[in-house]
Amino acid sequence: MTTIDSFIFSGKKAIIRVDFNVPLDKKTFEITDDSRIRASLKTISKILNDGGSVILMSHLGRPKTGPEEKYSLKHIVAHASKLLGREIKFVNDCIGEVAKQAAANLKSGEVLLLENLRFHPEEEKGDENFAKELALLADVYLNDAFGTAHRAHASTTIIANYFSKENKMFGYLMASEIASADKVMKNTQHPFTAIIGGAKVSDKILILEKLVDIADNIIVGGGMSYTFFKAMGGNIGNSLCENDRIDNAIKLLEKAKQKNVKFLLPADSMTSDVFGNDGNRKTADSKNIETGFMGLDIGPKAVEEFTQTIMNSKTILWNGPMGVFEMSNFRNGTVKIAEAVANATQQGAYSLVGGGDSVAAVNQFGFADKVSYVSTGGGALLEYFEGKELPGVAAIMHD
Ligand code: AMP
């Protein structure tokens, strides 16, 4: 497989699938979080420094059938140019005559951003002709968009068919995402602790089933833990519960026992009589929550137990918050677990935080640079951990 480090880009036009799907202010269209753009800079700079030119393509938001002003990538040109320290040219379509002309005119050291790929429904359909039109704009293809690697879209997967194996490769971001996931999943240092939280068992059941095979400890917190307590015959009051997942929960607990995997649930919970910040609050045994109350965060005993296990780990995977961390009264559990993961990392553990809300939490609470790796791929990372081959990864790895 070709790697970006071994490739000389001098005189070449490289088309990069980046993830510029950044959040924009609804009125001013200003970027509210530019981390995805920052994450792509290393790959772009390497190509430019080699003397190549760069064509950037991305999606932004979820346009319905065609172009929509609010999803135009033109909104990000000025800020991305500033971050890169070079002018980024923009063309208002990603295929057709205008795109062809703009790509043909591109000189060594120049950067061109194509308009939102999803203004063409062919992108998500993985259309061959659309992919071919994109491919014809460049000599080399790089995929640096891990967040969409689990989709067989035209720009993430099908386009790779139009490049020989020497002329397609991962960008730095994608390569480091895969290396970091493999460090946790394939080259695991034990003890390995997986911390899984968030709202629903149904979203995490496949990853939990996989983790029972590879982890030493599984910590389950957040709303999903109450389905497990219900499965064990507990009283969970008004806490979140997925009754149709109780069987899954029982089977998982049994499998964990058979495999000698320690399955930790929060012994106590911070409960409230409303789903809000200002209700009556009390700490309760998670198996015995009063009628009218619901568990919205893990309690102090749970924090202590989870912290102990985390501190004794060599590898840590964290996906999903321990409670409703968006509300100040129920963020303590998530903050304390972030702190434990950061401390374990400082002691030499390898820690990977991945999946929407836990990433938001480590960023919000200032722990992002105290863990080993913060993944940019939510769904893609989960699917990789579930053991699925990601189409965007396979398209580069196989001929
Ligand atoms: P997920 O997207 O599945 O990782 O879930 C994240 C969401 O779960 C966040 O918005 C949290 O507010 C929510 N959440 C976490 N714990 C609880 C809980 N105990 N009850 C209700 N929602 C929760």
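In this predicted model, the side chain of Ser72 sits 2.7 Å from that of Glu115 in a polar contact. Ser72 itself belongs to the loop that runs between β2 (53–57) and α2 (77–84). With a relative accessibility of 4%, Ser72 is buried, because buried means under 20%. Setting aside neighbours within four places in sequence, the residues in contact with Ser72 are Leu60, Phe90, Glu115 and Phe119.

Next come the charged pairs. Side chains of opposite charge can pair when their charged atoms come close. The count of salt bridges here comes to 13. One of them joins the side chains of Lys74 and Glu69, at 3.1 Å from N to O. Lys74 is partly exposed at 39% relative accessibility, and Glu69 is partly exposed too, at 46%.

Another salt bridge links Glu97 with Lys100, and here the closest N and O atoms are 3.7 Å apart. These two residues lie three apart in helix α3 (residues 96–104), so about one helical turn separates Glu97 from Lys100. Glu97 has a relative accessible area of 52% and is exposed, whereas Lys100, at 46%, counts as partly exposed.

What about Asp182 and Lys186? They also form a salt bridge, with 3.5 Å between the closest N and O atoms. Elsewhere, salt bridges with shared partners tie Asp213, Lys255 and Lys259 into one network.

How values were computed:
Residues numbered from 1 in each chain as written. Predicted model: local features only at pLDDT ≥ 70, side-chain atom pairs only at ≥ 80, totals over all residues. Heavy atoms only, no water. Helix = DSSP H or I, 4+ residues; strand = E, 2+ residues; numbered from the N terminus. Buried < 20%, exposed > 50% of the residue type's maximum accessible area, 1.4 Å probe, protein only. Polar contact = N/O pair within 3.5 Å; in protein donor to acceptor, adjacent residues only side chain to side chain. Contact = heavy atoms within 4.5 Å. Salt bridge = Lys/Arg side-chain N within 4 Å of Asp/Glu carboxyl O.
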